[in-house]
Amino acid sequence: MTRSKKSRTFYVAVHVLGAVEAYQQGLRAEAVRKAQAAGRYDDVVDMRPVTQVTNGTKCQVHWCDRNGVVGRKALADLTVAERMTLYTEGPQGPEPLWLWLNEQGLPFQVSSWENVFRTANERCRTVLDPAPGTPRLDPHRSVAPQATPHSARHSFALYMLVVLHYLMDRKFGLTPEERRDFRLLYGDPWRMVQDLLGHTDLETTRAIYLAPVADLQLRSLLETAPRSGGNEAEPEGSLDELFARVARETEGIQDIDARMEMKKMKGHAG
């Protein structure tokens, strides 16, 4: 499910699937075993043990709850709350079908991600911010980044836009005709990111991310233009350098590596 509550298909890299499988076989399996041993699943009132999942273009999920009441619903139509009630019968008893579990072995609430980010921010402040009473370069700003689920979403979208425009404008060296063919085949970068974010209106995507990308395209055109005297354009920098530049020159975008370097410089100065 996306923010717009519409189901979408996402293609996941192999190494990401490997990390998810490692979680399932490691931390998740341990949480399930502990929950089963403590009898936590016996206290789940709204449990819906799944009896069948049909194949097809719109697969159906069938279940039978503890009161013997049967039900079914299309997988794409199940709400977040309904998905969290789905269980399967494992070797040692019932276990949730919900992928992400908390330390109690129960489905991880969506809103709980806020607490995960809050804890991570506190750890960053402990490591990166000076101790109370210690002079800092700017007493009004924290060195540590302030991350939220939305900022992670924003970073993902900006990264995709910058890379896609970079590849189309410079890396591939496409002619206008080839660029048109590329967009017909794969889609415009803006529309690709719009689909990934679940925005219903393309202008919403543009309104949020247009400024840094437009600036990037302008600089790309200027930097690839022939130098005075007929010399060829200077070689392009790496993507890391590109993102560092975007972060320096665009308000509201942070470069974590730059902040870490600032912390090291402060440590040496002290």
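Is Tyr41 buried or exposed? Tyr41 is buried, with a relative accessible area of 2%. Welcome to this structure, which is a predicted model.

**Aromatic pairs**

- A pair of aromatic rings is described by the distance of the centres and the angle of the planes.
- Searching the whole structure turns up three aromatic pairs.
- One of them joins Tyr41 and Tyr87 in an edge-to-face arrangement, with 5.7 Å centre to centre and 75 degrees between the planes.
- This pair links distant parts of the chain, since its two members are 46 residues apart. To find them, look for Tyr41 in the loop between helix 1 (14–38) and strand 1 (48–53), and for Tyr87 in strand 4 (residues 86–90).
- Tyr87 counts as buried because its relative accessibility is 2%, which is under 20%.
- Phe108 and Trp113 form another pair, this one tilted, at 5.1 Å centre to centre and with 55 degrees between the planes.

**Nonpolar cores**

- In soluble globular proteins, nonpolar side chains tend to be buried together.
- Here the largest nonpolar core has 11 residues: Tyr23, Val32, Ala35, Tyr41, Val44, Met47, Met84, Tyr87, Trp98, Leu101 and Phe108.
- Helix 1 supplies the largest share of this core, three residues.
- Another core, of 10 residues, lies apart from it, and includes Trp190, Val193, Leu197 and Tyr209.

**Trp98 and its contacts**

- Trp98 is a member of the largest nonpolar core.
- Leaving aside residues up to four places away in sequence, Trp98 touches Arg28, Val80, Arg83, Met84, Leu86, Pro107, Phe108 and Val110.
- Two of these contacts, Met84 and Phe108, also belong to the largest nonpolar core.

- Tyr23 sits in helix 1 and is part of the largest nonpolar core.
- With a relative accessibility of 15%, Tyr23 counts as buried.
- Tyr23 and Trp100 are 77 residues apart along the chain, and their C-alpha atoms are separated by 9.1 Å.
- Not counting residues up to four places away in sequence, Tyr23 touches Arg28, Ala29, Leu99, Trp100 and Leu101.
- Among those contacts is Leu101, which is also listed in the largest nonpolar core.

How values were computed: Residues are numbered from 1 along each chain as its sequence is written. This is a predicted model: local features need pLDDT of at least 70, side-chain atom pairs count only at pLDDT 80 or more; totals for chains, interfaces and linings use all residues. Side-chain values use heavy atoms; hydrogens and water are left out. Rings of Phe, Tyr and Trp (its six-membered ring) pair if their centres lie within 6.5 Å; planes under 30 degrees apart count as stacked, over 60 as edge-to-face and the rest as tilted. Helices (H or I, at least four residues) and strands (E, at least two) are DSSP runs, numbered from the N terminus. Buried means under 20% relative accessible area, exposed over 50%, partly exposed in between (1.4 Å probe, protein chains only). A nonpolar core is a set of buried Ala, Val, Leu, Ile, Met, Phe, Trp, Tyr and Cys residues joined through side-chain atoms within 4.5 Å. Contact means heavy atoms within 4.5 Å.
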